[in-house]
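Let's take a walk through this structure together. Keep the sequence and the 3D view open as you read.

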Amino acid sequence: MKRACIILAVIVLIASILVAIPSNVGNVEGSAGRRNGVQFTLVPAFRIESSGDFAAHASSGDGSMGNPWIIEFIEVNGSGLGYCIYVGNTSTTSFIIRNSYLHNASGNGANYFWNSGIVLYNVAFGTLFNNTLSGNDDGIHVESSGNVAITNNTATSNLDDGIFIKYCSSSVPLTGNNASGNSYGIYLQQCSGNNVNGNTANSNSMRGIMLYQSHGNTVNGNTACSNGYFGIQIDNSNNTNCDNNNASFNGAEGIDLWAANNTELSGNTISGNGMGINSVLSTYNNIQTNTFTNDGIYIYGSLSHWNTHTITGSNTVNGKAVYYWNGVTNNIVPAGAGEVILVGCSNVTVDGQNVSNGDVGIEIGFSNNITVTNNTVLSNSNEGIYVCSSNNNTFMNNTASSNVKSGILLSGSGNNLLSNNTLSSNSQSGINILSSSSNLNTIRNNTISNNQVGISDSGAASNNKIYHNDFINNTEQAEDYATNQWDNGYPSGGNYWRDYNGTDLKYGPGQNITGADGIGDTPWNISGSAGAKDNFPLMTPADANDILAPNSTATPAVMYWNNASQVNVTATAHDTRSNVSSVELWYSFNGGAYSLLNSDNATPWVWNFTWPSGEGNYSFYTRANDLAGNYEAAHSTADSAAGYDGTAPTSSIGPITKYWQTGSSVPLTASASDSTSGVQNVTLWYRQSADNSTWSSWKQFNTTSSLYSYNFTFPDGEGYYEVYSTVNDTANNTEAAPSTPDTRFAYDSTTPTITDGSGSAGTTGDTFVIRSTVTDNLNLSAVNIVYWFGTGAATNSTANHSSANGYELNVSLPSNSLDVVYYRIEASDRAGNWLSTSVKNVTISDNDLPAAEAGADQTAQLGVSIAFNGAASTDNIGVANYTWTFNDGAQNVVLYGATASHAFTVAGNFSIVLTVKDAAGNSATDSLTVTVAQSSGSPSGDSGLGNYLWIIVVIVIIAVVAVVAVIFLRKGKGPKAAPPQEPPQ
């Protein structure tokens, strides 16, 4: 205790000494200052080159994970040094830099300086928290580091980047920082697997958030607004999750994807940017649930950059759904679209949409035979209608005005028709023909006004035909850098040019015959290097000199046969000058004369055709009128045809020959009929049950368009089946499912199972029970047992049903036969599947006792032989052995045989025992008494020793036995074992 007390006293003393020693607070020297209400200590810029340098600058800690070095509440002016705080090569040390003001790092951009407020190089386990960094080139510069958390810092008004991260992977989360007012707010270069969440990156002169060659990062919940170029740019970076950000009011794009693949973009708010989402040379991006206001989605690149994306209608532009259709054919874009993007589509119609105030109203890429009519496309930040690598499309009666670039842009697209469109006040071109492969387009009857350039052939496209357009007040009416045709020859003429100042005094193809024809006498020269001319400029707008009839065509129905009570018949119509005023629809029923349905006086030319003559075949053509009163002639052949069949066809499955099927299939045949359009196909339906009570749902087995025969293969396995058929006709009328099935049958190819539970042996005169357990997968029909004795005739009996799966038969075994019993068990089910066990034999044993009959009692004379007769003894099989045993007064006697004889030499009464046995060893006994009288010739009064000799012999034997017994008993007794000694105490 004394020693313990002494030790305790020493510890207390040492602790007191340690408490009394002043702590080292980093040896920070400098004057105190305040900024924004925070007290800082002004210190010179410093470098931590290794873990051992922290002690000189930290206020607390030891660098361990649980007790990191802490540097805080300091102000550093890095002017002329290239850094404020530099930490490098501390990969095993944990530290925190927080609550500090670091500014004006400049004058040294060499490696490991970078003119940054905080520089981290090759470090780990660091935290930058709540620091203010301004006036530097980079506010925070982190390179080749990991496990660095950058949280709640304010990095504003830096010359380059607010926060710059380079060569860092997986462990540099950036959360809650304000990186505004720099050139770049947050910049990740070649960094992977990091989180950029909840930061503010506004009003940077270049980009808010930039990812370059950085893969697998998350950019979530950030605000990137009012930046000079991009809110968020993902450049050559893959597998980025960019969700729930606000990227608005940026000078170029809200979110820019440049060669960015597999990007997830969802839940972002994108408003008022130069473009919303700009996807350039990017693939497999998933764009969902984004909200665009005065923005949208722009796609640029080859086919794979267009058709590999997932862009759903959950995206909205100005509150209306984005329709991105990939590979759609024969359809109409629903009304109310906010933006339409078609890629790889054909025979799609975009009609009557107002797709304005976005990026591009209508984008068409790698698509053919698209009809774009009667749409309003205004004030988009790029093109109104953008056509990329798409041919044979029609753009008619659209208004594409006040767009920032072109009203309609054709890029690498040919054989398109642009007609009757209004293209005005677009900042660049009314129509821009871009790319030398944009050839063979027809541009006619358009009003092109107040654009920078009316039609621009900036891509040197050639062989386009441009005529009957009105060019009004464009800064440059048109320009041509290739070889295009700017008129339709004579007398059709060319285009109307508002500023054409030529005269109309001549007519004719050479404009050399006196007399006016509405065509200028001198060509109109087109600007551009091609030296192109409009040889026949119109003196008045295109509809003023119209002497040619319009032409029209009834658009073919999507499919010939129809089952709806009405169908829309549409027409295309155009006029070389004055424009179409009305279009008539004419129809013929079943090859009869044509009748006028009615006239449509406004585009689109559409009729709600209600099959006025009922079901049958109809043919159509149209006739058009133009504003000049020209009337199209009746067509010699139909433009299109369609049929009406509104009645459903009928069908049924024929009966089959037997209910139960055991083969792997069953042939089924349907009969089907339709009175108008004809049968198209018949579908077989089925359902299955394991118990003929509880059924599966109805399933489709197969559809066939010829013969209507089916090889039904029991697709759900064995069981009960019901089937019916339904038929479709060519008009797509479908027969309703019947209330009851057409045919029923069952399938069972599995034999029953038999388990023999019988014994292997029986006994004579008893009952032998043949027992079995018999099961079947569906429906057991019968269980029979066939048995026979020895070589006897067989008996076939129906087994008794004794339990759930138990069956048995009682067989009575004869009492007088040892014949082997043979049997087999047979089972069959309802389908006729049959099974039999192999023949089994039952060995019969004899367990019945014989009956012994020794005969009546007898008397005998001494020395006279008497006979014993046991022949009256009986056995069910037969007596095999007779044994007579007795003592005749002189000795024990054993005799054998059914009969025997013996002569007694001693008088007296003797019991004679007869034992009989059968072959199985069963035995029985009987006895008789023989009385032997004293012979009259014997000496009387002989009471000598001879009469008692046997008694003496017996006494001697008894005495000997007694002596032997005593001796034996004594030998059997050994000395008593000594009592066990108690164990020593």
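Start with Arg687 and Glu722, whose side chains meet in a salt bridge, N to O at 2.8 Å. By salt bridge we mean a side-chain nitrogen of Lys or Arg within 4 Å of a carboxyl oxygen of Asp or Glu. The pair links distant parts of the chain, 35 residues apart: Arg687 sits in strand β68 (residues 679–689) and Glu722 in strand β71 (residues 719–729). Strands here are DSSP runs of E, at least two residues long, and helices are runs of H or I with at least four, all numbered from the N terminus.

A word on the model before going on: it is predicted, so local features need pLDDT of at least 70 and side-chain atom pairs count only at pLDDT 80 or more, while totals for chains, interfaces and linings use all residues. Residues are numbered from 1 along each chain as its sequence is written, and side-chain values use heavy atoms, with hydrogens and water left out.

Back to our pair: is Glu722 buried or exposed? Glu722 is buried, with a relative accessible area of 6%, whereas Arg687 is partly exposed at 21%. (Buried means under 20% relative accessible area, exposed over 50%, and partly exposed in between, using a 1.4 Å probe and protein chains only.)

Glu722 also meets the side chain of Arg744 in a salt bridge, at 3.0 Å from N to O. Arg744 lies in strand β72 (residues 743–747) and Glu722 in β71, so this pair ties together parts that are 22 residues apart in sequence. Arg744 counts as partly exposed, at 46% relative accessibility. Through shared partners, Arg687, Glu722 and Arg744 are joined into one network.

Another salt bridge is formed by Asp716 and Lys699, with their closest N and O atoms 3.0 Å apart. Asp716 lies in the loop between β70 (709–712) and β71, and Lys699 in strand β69 (residues 699–704), so parts 17 residues apart in sequence are tied together. Both ends are partly exposed: Asp716 has a relative accessible area of 27% and Lys699 one of 30%. Across the whole structure, a search finds 8 salt bridges.

What about a charged residue without such a partner? Asp521, in the loop between β54 (513–514) and β55 (524–525), is buried yet has no salt bridge. The nearest side chain of opposite charge, Lys506, is 6.3 Å away; for charge, Lys and Arg count as positive and Asp and Glu as negative, with His and the chain ends not counted. The side chain of Asp521 does reach the backbone nitrogen of Leu505 at 2.5 Å and that of Lys506 at 3.1 Å.

Now look at the sheet. Its 12 strands form an open sheet with mixed pairing, in the order β22-β25-β28-β31-β32-β34-β36-β39-β42-β45-β48-β51. At the edges stand β22 (246–248) and β51 (476–480), each with a single partner strand, so one side of each has no neighbour in the sheet. Two strands count as paired if DSSP finds at least two bridges between them. Inside this order, β28 (residues 291–293) and β31 (residues 316–317) pair in the parallel sense over 2 bridges, and Phe292 has Val317 in β31 as its bridge partner.

Last stop, the surface: Leu281 is found in the loop between β26 (275–280) and β27 (286–288), and is partly exposed at 33% relative accessible area.

Technical notes
Polar contact = N/O pair within 3.5 Å; in protein donor to acceptor, adjacent residues only side chain to side chain.
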